[in-house]
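The following exercises treat one protein model, each with a worked solution. Please consult the sequence and the structure while reading.

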Amino acid sequence: MKLFPKLALLVSGLLLAAILYVSISYYRGEAREIQDQTQQEERQALQNLTHIAGESFITDDDLLLVQYIRLLVQQNPEMASASVVDIKGQIRAHSDIRRIGKKEDDAVPNAASVLILSESIKFGRHMVGTACVEFSQKKLNEKLQLRLAKMRRRFLSVTLIGLLMSLAACFAIALSWTRPIKRLAKVAEQVGQGKWSLDLGTMDRRGDEVGFLAQSFQSMAVRLGELDRMKEDFVSSVTHELQSPLSAIESFLNLIDSKGESGMRPDELKDCHKRIRVNTQRLARFVSDLLDVSALERGKVQLNCKPLDVGALAQEVLSLFEFKLQEKGLSSHAEVPASMSKAQADIDKIRQVLINLVSNAMKYTTAPGHIEISVEDLPAKKKLRVCVTDTGIGIDAMDQLKIFSKFEQVQSAKLKVKGAKGTGLGLAICRELIELHGGEIGVTSRWGHGSTFYFTLPAAEVPPALAPPRQKERFPWETQLST
Ligand SMILES: Nc1ncnc2c1ncn2[C@@H]1O[C@H](COP(=O)(O)OP(=O)(O)OP(=O)(O)O)[C@@H](O)[C@H]1O
Ligand SMILES: [Mg+2]
């Protein structure tokens, strides 16, 4: 069964039960009230008769009493008779005039057909007679049923109107719940077909759960769109990264084949070999990056952490790039304090991080530019902080949030790079490696004003025996004496 009829049935069923329960309880209460009211009226009629009888006893005016009884019986059709009997048992007034002056009848009336109510008439503490009214049970029941039937009709019509209104309301509610779900289902279908721009109307502005669902849908579609774009970019980058070195290798091999090694000048042949090697290295690096990302993501990378002199490693990495940096007209420097703590890190992995960061700095800095690696101690945090700063093109604040994710590249920066564009894996690998060490990685940069990539590493615990002896504190006069 579809959601709409299910919801409509459920809500209307619940409403029906609630309305019926309320109506029946209210009806029962009202019926009791009507019964009490009828009994009250009967007692009131007797009390009035007792009162008038008392008055007529005082004034000795039986005529007044007789007239009152006649009126009483006329006004209350369910009253079979009314009478006043004095203390001697003689009837002083009766609705049946023929019985006035006679002795009170001793016959016991049939309680099933007649309801008899009587009350003593008193002067002070002395009883002077009895007032009595007889009601026909049949007529009393008829009167009660008449009143109940009237009330039932009123109730029925109110309940019916309430039911119709609540049914309409519940259909409207069910419709308002299922319509956006239907729309969301359609939109999900479109997402499934690869359409990322969704038409959700005003649904995402609703303040309820459906609104939140629509918003989640919207952000999911945006994210899927981004992933799709990244996938396309990745495929084209991968294709380019594979194709360009492969075709370069192929063309140099063709050149060697066509001319023959003996037909080429030695420097020409050497140049061909060099280019083939460079392109092979480029291919190998790309494949190894892909493997690294996959291994890091699957948690397959094991660290071999030892105390590491990060300053020396920074010098080593800069010297690796020395030739390329000179070629590009860039200067470089490693800023390392004379006494530095060692980091507890895996040398190969940190070398990989520094190579990635320096190669990025070199790629995105044009001559005349400068690249610096600085290392500083953060003793309070028991960490070391390494910064790779360049004077290159810089990175926009929005892009800074994304570049540490896989395959994320700044499109405007990509256009400025000559030669290999990369695939956007370098920083993702750096982040994984640094986080694996328990450190943090980040960037501070401004578009057009260079960038500083920084990361932290835990400082190596120095065993007390190996720690350099603390310098004894010297007082000024001691210094003066020694000099
Ligand atoms: N020093 C920098 N200056 C300016 N932009 C940078 C710098 N370093 C990284 N970026 C930006 O961050 C993006 C991601 O860098 P990342 O190292 O992950 O990828 P890549 O260098 O493009 O490719 P790969 O490293 O896989 O060869 C780069 O494409 C570039 O836009
Ligand atoms: Mg890179």
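**Exercise 1.** State which helices each supply at least two residues of the lining of the largest cavity.

*Solution.* The helices α4 and α9 (411–416) each supply at least two lining residues, where helices are DSSP runs (H or I, at least four residues) and strands likewise (E, at least two), numbered from the N terminus. The model is predicted: local features need pLDDT of at least 70, side-chain atom pairs count only at pLDDT 80 or more, and totals for chains, interfaces and linings use all residues. Residues are numbered from 1 along each chain as its sequence is written, chains are lettered from A and ligands numbered from 1 in written order, and side-chain values use heavy atoms, without hydrogens and water.

Next, the lining is listed: Arg229, Asp233, Ser237, Phe407, Glu408, Gln409, Gln411 and Lys414. A cavity is a set of points on a 1 Å grid over the protein atoms alone where a 1.4 Å probe fits but cannot get out, and lining residues have an atom within 4 Å of a point. Helix α4 gives the most, with 3 residues.

Finally, the lining divides into 1 nonpolar, 3 polar and 4 charged residues (Ala, Val, Leu, Ile, Met, Phe, Trp, Tyr, Cys and Pro count as nonpolar, Asp, Glu, Lys and Arg as charged, the others, Gly among them, as polar). The largest cavity holds about 30 Å³ of space, the volume being that filled by probe spheres set on the points, which are joined across faces, edges and corners.

**Exercise 2.** Determine how helix α4 (residues 209–259) packs on helix α5 (residues 266–297).

*Solution.* The angle is about 155 degrees and the axes are 10 Å apart; axes are lines fitted to C-alpha atoms over the stretch in contact, and angles run from 0 to 180 degrees between N-to-C directions. Therefore α4 is roughly antiparallel to α5 (a term for angles over 145 degrees). The contact of α4 with α5 has 17 nonpolar, 5 polar and 5 charged residues.

**Exercise 3.** Describe the contact of α1 with α2 and the loop between them.

*Solution.* In α1, Ala45, Asn48, Leu49, Ile52, Ala53 and Ser56 meet Leu65, Tyr68, Ile69 and Leu72 of α2, contact meaning heavy atoms within 4.5 Å. This contact comprises 8 nonpolar, 2 polar and no charged residues. The loop between α1 and α2 contains aspartate 60, whose phi is near 55 degrees, a positive value in a residue other than glycine.

Note on methods
Parallel < 35°, antiparallel > 145°, perpendicular 65-115°, else oblique. 1 Å grid on protein atoms, 1.4 Å probe; cavity = no way out; pocket = protein on both sides within 12 Å on 5 of 7 lines; lining within 4 Å.
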